[in-house]
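Thanks, everyone. Let me put the structure up, and then we'll walk through its charged side chains.

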Amino acid sequence: MSSVGPTGRPAGGLGRASSRNGASSRNPAGGFRCSACEAEAVRWAGRCPRCQAWGTLEAQASAPRKPGAPMGGLGGSIRLGAAAPVTAPATPVTAVDVTAARRRPTGIGELDRVLGGGLVPGAVILLAGEPGVGKSTLLLEVAARSAAAGSRALVITGEESAAQVRLRAGRTGALHSDLWLAAETDLGAVLTHVEEVQPALLVVDSVQTISSASFDGSAGGVTQVREVTGALIRTAKALGLATVLVGHVTKEGAVAGPRLLEHLVDVVLHFEGERHSTLRLVRAGKNRYGAADEVGCFEMHDSGIREVADPSGLFLSRSGGAGPTSVPGTCVTVTVEGRRPLVAEVQALVAEASAQVPRRAVSGLDAARVAMILAVVERRARVRFGRADVYTATVGGVRLAEPAADLAVALATVSAARDRPLPGDLVAIGEVGLAGEVRAVGAIRQRLAAAARLGFRRALVPTGCGDPPDGLSVQEVPDLIAAIAHMYDE
């Protein structure tokens with residue numbers, strides 16, 4: 001028989017509030033807040049209803065109400081908070097001095113392209129990438145060039161010792177007397193270095209390794225990363241200090257840590273690259289000072305990382321651009337990364353299936369889109385792949401995600417299935433629909449100009465593309481059947 005409490009309710013059983021992970025499911029005075037996305041909830045749950053993260057809802061304590069203060073809600077009167085001194089008087093927007101926010105080039109053209117022209121004083125940049133992709137090497141080069149241009153740079157390393165960074169700087173030639181280096185993991189020590197060195201550029205590698213004894217949790221935790229980043233952002237804004245924070249990524253490729261970081265910083269850059277390839281790409285996911293669709297291209301060498309102003313030659317199997325070929329299953333297309341057209345090659349191989357179930361292997365392309373194109377080619381062009389293994393890939397490690405490469409993929413698979421090569425001076429541009437039609441794509445003039453510059457003389461494009469550039473013969477095709485017929489004179 002259960003005992004009865006002083007209120008008349010059973011002391012145990014259904015009348016007792018349950019708890020999970022030490023948090024009561026009943027609503028406390030301050031409610032619950034997600035530590036990842038700052039979403040608020042009335043009751044505790046194992047999963048955040050907004051960002052779907054597990055175990056991030058934390059109880060929030062509410063501030064005590066002063067005696068006699070009006071209650072909130074519909075019945076209470078609205079009263080403003082206590083007035084506080086302002087840091088700077090409000091001024092008309094036309095009277096604001098913009099010279100303090102003038103860009104400063106980094107000395108690396110490809111990075112300046114992504115940033116929108118250079119570093120802005122007081123801007124906070126989050127650079128994320130997989131381990132070993134070259135983030136530290138790139139930023140060490142940026143810091144060295146900033147020091148050489150007369151702007152003192154400070155690099156805070158929390159993952160390596162100062163001697164290890166010094167060895168890399170000597171190997172890559174990133175040495176300068178105005179490039180300062182400190183190995184620290186404490187936030188207070190980092191701020192002390194900033195106060196003593198007075199740099200114009202601060203690099204923190206990485207923000208997950210910095211912690212502070214004033215906050216709960218270990219280094220790399222949600223609370224530590226959020227509070228440390230907030231302190232660094234406040235310092236950057238107060239001193240007009242351009243700051244670059246290196247961030248880790250999860251196994252899904254997203255920036256590690258709370259999503260709040262991406263909203264706090266001014267610029268979010270993603271450093272991408274395959275370990276077996278020398279190509280590296282810097283993409284802008286967010287940019288308050290420029291376009292968010294630009295891409296910078298780099299190449300990794302033993303002596304460091306070098307920018308590639310024209311990377312189109314990296315994505316072709318034939319050096320020097322267009323030329324005669326006798327290999328079936330290859331077709332060249334022009335993709336657009338940001339605002340830059342890149343000439344890339346698609347390769348396909350169709351072989352007799354060695355197993356009961358045919359294989360469909362894809363590298364550098366969207367597997368679902370390739371499967372759709374194969375179905376369209378088989379249904380509309382009567383090219384059978386049912387009992388054959390089909391392999392499709394790109395050259396040079398580039399990833400083609402936009403639909404403009406559909407026509408090149410389709411023609412490459414048809415060429416491989418028929419064992420008949422396509423002309424070596426041909427490029428194919430266009431999106432292929434389920435009905436076999438070739439749809440128009442954007443920036444067609446820039447794509448054709450890039451192909452003509454590399455020596456290509458013929459192009460298959462959708463209808464209505466306008467006048468072609470000099471030296472390039474353009475054939476407009478309404479559908480996939482017309483494109484195949486034009487290639488093989490059917």
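Start with Arg-458. Its relative accessible area is 33%, so Arg-458 counts as partly exposed. Keep in mind that this is a predicted model. Arg-458 pairs with Asp-425 in a salt bridge, 3.4 Å from N to O. This pair links distant parts of the chain. Arg-458 sits in strand 22, while Asp-425 is in the loop between helix 8 and strand 19, 33 residues away. Asp-425 is partly exposed too, at 23%.

How many salt bridges does a search of the whole structure find? The count is 19. One of them joins Arg-113 and Glu-294, with the closest N and O atoms 3.9 Å apart. Arg-113 is in helix 1 and Glu-294 is in the loop between strands 12 and 13, so the bridge ties together parts 181 residues apart in sequence. Arg-113 is partly exposed at 34%. Glu-294 is buried at 8%.

Next, Glu-272 and Arg-283. Their closest N and O atoms are 2.8 Å apart. Glu-272 belongs to strand 11 and Arg-283 to strand 12, eleven residues apart. Both are partly exposed: Glu-272 at 33%, Arg-283 at 22%.

Now the surface. Arg-379, Arg-380, Arg-382 and Arg-384 gather there in a patch of positive charge. Arg-384 lies in the loop between helix 7 and strand 18. Its relative accessible area is 56%, so Arg-384 is exposed.

Last, Gln-224, in helix 5. Buried or exposed? Gln-224 is buried, at 1%. Its side chain reaches the backbone oxygen of Asp-216 at 3.5 Å.

Terms used: Residues are numbered from 1 along each chain as its sequence is written. This is a predicted model: local features need pLDDT of at least 70, side-chain atom pairs count only at pLDDT 80 or more; totals for chains, interfaces and linings use all residues. Side-chain values use heavy atoms; hydrogens and water are left out. Patches are made of residues with over 30% relative accessible area and no salt bridge: like charges are joined within 9 Å, nonpolar side chains (Val, Leu, Ile, Met, Phe, Trp, Tyr) within 5 Å. Accessible areas come from the Shrake-Rupley method with a 1.4 Å probe; for residues, only the protein chains shown count as cover. A salt bridge is a side-chain nitrogen of Lys or Arg within 4 Å of a carboxyl oxygen of Asp or Glu. Lys and Arg count as positive and Asp and Glu as negative; His and the chain ends are not counted. The place of a charge is taken as NZ of Lys, CZ of Arg, CG of Asp or CD of Glu. Helices (H or I, at least four residues) and strands (E, at least two) are DSSP runs, numbered from the N terminus. Buried means under 20% relative accessible area, exposed over 50%, partly exposed in between (1.4 Å probe, protein chains only). A polar contact is a pair of N or O atoms within 3.5 Å; within protein, one must be able to donate a hydrogen and the other to accept it, and residues adjacent in sequence count only if both atoms are side-chain atoms.
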